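Visitor: I am new to this structure and would like to learn how to read it. Please show it to me, and then I will ask about its features.

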Amino acid sequence: MAITEQSDRLWQDVLMLKGFKEFLFRGNVVDLAVAVVMGAALTAMVTAFTGAFLTPLITLVTGGSENGGKFTVNGVDFPYGTFIDAVITFVLTAVVIYFIVVLPVRKVMERMRRQEEAEKDEQLELLREIRDELRRGNSAS
């Protein structure tokens, strides 16, 4: 009985590893990893742009300190420039992702969908022609 249980456990482990392998190589995980790396790189680039150009502009406009502006209440500093910097970084990241990733992918997916529909229509027409030919052949004999 113990050998059967060990054998069953071994097969379960093998099947689990096989399922994990299929999951990894299905493509979704690779796509997700690429997206995370690209997102991190894009965020770093937008953050650098914001820090190098926009934070100094916020500091000039608000007349604030090195954080781009702050106010103090009862000895507590509120660095609102840091928040404005983060909001601008978020908005710029979202805009770049939308125009560089989302729109092109949407266009490619739409083009692929149209091609699939055209192929289905072509196949349907061929099937109709085959059906008509078969009917003609059956009625002739």
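Visitor: How do the residues of the lining of the largest pocket divide into nonpolar, polar and charged?

Guide: First, the basis of the values. This is a predicted model, in which local features need pLDDT of at least 70, side-chain atom pairs count only at pLDDT 80 or more, and totals for chains, interfaces and linings use all residues. Residues are numbered from 1 along each chain as its sequence is written, and side-chain values use heavy atoms, with hydrogens and water left out.

Guide: Now the general idea. Rolling a probe the size of a water molecule over the atoms shows where empty space is left. On a 1 Å grid over the protein atoms alone, a pocket is an open set of points where a 1.4 Å probe fits, with protein on both sides within 12 Å along at least five of seven lines; lining residues have an atom within 4 Å of a point. For the classes, Ala, Val, Leu, Ile, Met, Phe, Trp, Tyr, Cys and Pro count as nonpolar, Asp, Glu, Lys and Arg as charged, and the others, Gly among them, as polar. Here the lining has eight nonpolar residues, one polar and no charged.

Visitor: Which residues line the largest pocket, and which helix gives the largest share?

Guide: The lining consists of A35, M38, G39, L42, M45, V96, I97, I100 and V101. Helix α2 gives the largest share, five residues. Both α2 (28-62) and α3 supply at least two lining residues each. The space in this pocket is about 190 Å³, a volume being the space filled by probe spheres set on the points, which are joined across faces, edges and corners.

Visitor: Is T89 buried or exposed?

Guide: Buried means under 20% relative accessible area, exposed over 50%, and partly exposed in between (1.4 Å probe, protein chains only). T89, in helix α3 (residues 80-140), has 12% relative accessibility and therefore counts as buried. Of the 141 residues of the chain, 9% count as buried.

Visitor: What does the side chain of T89 join in a polar contact?

Guide: A polar contact is a pair of N or O atoms within 3.5 Å; within protein, one must be able to donate a hydrogen and the other to accept it, and residues adjacent in sequence count only if both atoms are side-chain atoms. The side chain of T89 meets that of T50 at 3.2 Å. The backbone oxygen of T89 is reached by the side chain of T93 at 2.7 Å.

Visitor: How many aromatic pairs are there?

Guide: A pair of aromatic rings is described by the distance of the centres and the angle of the planes. Rings of Phe, Tyr and Trp (its six-membered ring) pair if their centres lie within 6.5 Å; planes under 30 degrees apart count as stacked, over 60 as edge-to-face and the rest as tilted. The count is two aromatic pairs. The rings of F49 and F53 have centres 5.3 Å apart and planes at 40 degrees, so this pair is tilted. Both residues, F49 and F53, lie in helix α2, four residues apart. For Y98 and F99, the centres are 5.1 Å apart and the planes at 85 degrees, so the pair is edge-to-face.
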